[in-house]
2 protein chains.
Amino acid sequence: MENFEFRNPTKIVFGKDQLEKLPELLQEQNASKIMIAFGGGSIKRTGLYDGIIKAIGDSFEVVEFGGIEPNPEYRTLMKAVELARREDVDFVIAAGGGSVIDGVKFISGAIKYQGDPWDVMEKKEGCEFGEAVPFGTILTLPATGSEVNSGAVVSRKEIHAKRVMGGPQFFPKFSICDPGVVATLPKRQLANGIIDAYVHTLEQYLTLPTDNLLQEREAEAILSTLIEVSDVVNDPANYKLASNFMLCASHALNGNLRCGVPTDWATHMIGHELTAHFGIDHAQTLAIICPRLYEHEFDKKKAKLVQYGQRVFGLTGSDDEIAASAIKRTEEFFHHLGVKTRISDYTESYEGIDQKIMETFIERGWTEMGETKSIFPEDVQEIVQASY
Amino acid sequence: MENFEFRNPTKIVFGKDQLEKLPELLQEQNASKIMIAFGGGSIKRTGLYDGIIKAIGDSFEVVEFGGIEPNPEYRTLMKAVELARREDVDFVIAAGGGSVIDGVKFISGAIKYQGDPWDVMEKKEGCEFGEAVPFGTILTLPATGSEVNSGAVVSRKEIHAKRVMGGPQFFPKFSICDPGVVATLPKRQLANGIIDAYVHTLEQYLTLPTDNLLQEREAEAILSTLIEVSDVVNDPANYKLASNFMLCASHALNGNLRCGVPTDWATHMIGHELTAHFGIDHAQTLAIICPRLYEHEFDKKKAKLVQYGQRVFGLTGSDDEIAASAIKRTEEFFHHLGVKTRISDYTESYEGIDQKIMETFIERGWTEMGETKSIFPEDVQEIVQASY
């Protein structure tokens with residue numbers, strides 16, 4: 001087992017009607033002037049916004065910032081930063097899904113940053129976020145696990161850029177996770193959420209056989225549970241299904257699964273480029289790339305594909321048969337959720353994107369990826385081409 | 001799924017040679033005058049003590065307190081409290097297993113407590129530990145999970161008392177977990193450690209069928225892994241076995257498994273009395289009580305025993321057969337580790353202890369226990385008698 005460090009201080013407040021605990025959670029944080037950040041306004045339609053305002057009552061000053069889009073956009077977030085600075089906000093509530101929460105992580109770091117925050121995203125030398133304005137989340141969409149981790153992804157459309165950030169100061173102080181929100185979501189978002197959680201788990205599990213027997217089994221626990229509750233896309237008001245889905249999405253990316261094991265993340269790195277170029281939903285890009293990447297890396301991943309096939313799908317046969325079936329079953333699972341797994345299912349203008357993505361990676365100096373650092377630019381090109 | 005809150009801020013520093021990170025961990029905590037608390041001196045024999053002193057260097061003032069015994073004793077701990085107050089200690093390092101760490105939790109709470117700290121242990125009205133002196137741990141024995149939680153058990157022999165305490169201020173700031181220490185331990189302690197972790201998991205799992213599919217699978221992951229690595233008792237220098245054992249013990253009691261599910265803990269409550277009366281090792285008391293308790297509660301626990309038998313032991317047959325075999329296999333697992341499962345294996349003077357323990361519970365006003373609160377004093381008597 002590889003050495004690791006693990007710390008996750010976020011307070012998770014999980015279950016029905018937990019919004020009523022918001023005032024005490026804010027008091028614990030000594031909040032006084034709060035910015036509520038949200039997305040396209042669905043929280044106003046569902047009544048969540050009113051619930052938040054009612055829960056907060058008169059004890060705190062409140063400003064609001066709406067309009068954070070999926071794949072939160074740098075320009076939009078900078079407007080929130082300006083508002084927060086102007087209003088001298090001392091706590092931020094992210095009421096939304098992964099995009100809103102990721103956006104708030106950026107906002108909370110940028111508020112106190114002296115220079116150009118994009119320099120931090122580009123990892124320019126000497127550019128790092130320091131102290132962050134503390135924030136909590138009210139989760140409206142189980143998917144990214146952003147409510148229980150300290151990482152974020154921010155986009156900048158005009159330069160086709162999607163960049164990651166993070167640091168120990170970016171753990172939410174608290175996250176209110178009410179599975180009841182699942183019932184308010186359209187099927188596409190639910191399917192995306194399940195795939196997101198599923199592929200997050202695979203990125204940390206489907207690598208090489210490791211000595212970490214426990215984390216491997218914990219990953220299999222999440223994969224098996226997600227499959228078992230996947231009917232939530234058709235029955236989102238089913239609390240048993242919804243609550244397990246929400247918990248799986250958190251456990252998939254709360255930092256535990258990566259402890260002591262190699263991780264992959266190549267599917268995410270390539271997938272991000274598909275979102276940047278075509279605006280394909282994040283989870284859809286994962287469903288497109290992951291089966292083709294596993295086929296491309298078949299020999300390297302075979303041993304783990306066999307373990308995955310046996311333990312999660314109960315497959316039997318030769319190693320080659322089990323490994324191939326495990327990829328097939330994974331892709332069928334995505335189809336079963338109603339998510340298509342080819343680039344051509346989403347756009348007609350994909351010719352040459354293989355070349356373009358490869359060049360983007362080379363330009364950035366990222367010449368290798370995957371758990372053995374053995375996916376090179378030409379491999380990326382082949383994987384993207386195989387995904388047409 | 002039941003509502004729950006979860007927060008665990010302890011920083012886990014896991015792996016080989018992690019002791020070298022101690023100075024930076026202490027700096028993060030702004031420690032200046034440190035008390036190193038330990039047990040019977042094994043850390044001096046194994047070289048760990050010298051390693052700690054060397055790692056700390058000249059950057060911090062150090063006082064030491066040795067002699068914290070298994071089932072840490074109130075009187076001993078109060079001496080440490082006096083020393084810490086006299087020396088104005090601002091950080092405590094617990095270098096040991098669960099007993100030392102539990103002892104340090106009490107010490108760190110008692111230092112700043114104005115009244116008689118035993119009143120807190122007895123849960124007298126209005127008596128609660130407030131701010132605690134911060135502490136970190138250097139784990140020498142995987143077993144209790146105390147290195148990753150905020151609970152502790154303290155004994156007071158003269159009144160045959162074993163009491164629990166806890167609170168959010170009692171999470172270690174950091175825990176250095178080096179599986180290399182496993183190689184320094186005698187077989188009895190290793191076997192005890194595995195049983196402790198195993199029964200901690202059962203207490204939170206082997207209850208009723210729940211809607212929490214994920215936590216159930218995560219519990220099964222720990223149980224299966226502990227069985228898989230149990231040969232560590234014969235091969236403690238095997239790092240793969242040792243590291244998984246250490247990680248399982250932490251995950252068994254880091255607060256995750258209890259989220260959203262009913263818990264039992266009756267085996268622990270009854271077992272504590274066997275330690276208080278006969279000085280039987282904690283884990284041995286669990287191995288004695290748990291099979292008999294499951295037999296006594298057979299009908300109530302049957303559905304979960306079946307799930308446990310199928311998923312952890314791969315059993316087949318009728319529900320009754322699987323459930324009975326699951327108990328048998330559990331007891332055989334304890335025997336396989338070299339741990340006996342009858343009170344009479346440990347003491348000859350057990351006659352009447354069933355009555356005595358039942359009366360103790362009644363005196364304390366604890367008249368019911370178990371996940372359905374349906375184990376009554378007469379049940380406790382029957383369970384203890386069946387364990388003779």
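Through which surface do the copies meet? In this predicted model, 100% of the interface residues of chain B are also interface residues in chain A, so the copies meet through the same surface. Local features need pLDDT of at least 70 and side-chain atom pairs count only at pLDDT 80 or more, while totals for chains, interfaces and linings use all residues. Residues are numbered from 1 along each chain as its sequence is written, and chains are lettered from A in the order in which they are written.

View 1. A rotation of 180° with 0.0 Å of shift along its axis superposes chain B on chain A, with an RMSD of 0.0 Å (least squares on the C-alpha atoms of residues with pLDDT of at least 70 in both). The two copies are thus related as by a two-fold rotation axis. Look for B:P9: of the residues of chain B, its C-alpha comes closest to the axis, at 2.0 Å.

**View 2. Now meet helix α9 of chain B, residues 239–252.** Helices are DSSP runs of H or I with at least four residues, and strands are E runs of at least two, numbered from the N terminus. Twelve of the 14 residues of α9(B) are buried, so the helix is largely enclosed by the rest of the structure (buried: 20 or more other C-beta atoms, placed from the backbone, within 10 Å of its own). Among them are B:F245, B:M246 and B:H251.

**View 3. Finally, see the neighbours of α9(B).** Its buried residues pack against α8 (213–228) of chain A. From chain B, they pack against β8 (174–177), α7 (187–205) and α8 (213–228).

Note on methods:
Contact = placed C-beta atoms within 7 Å. Expected span 1.5 Å × (residues − 1).
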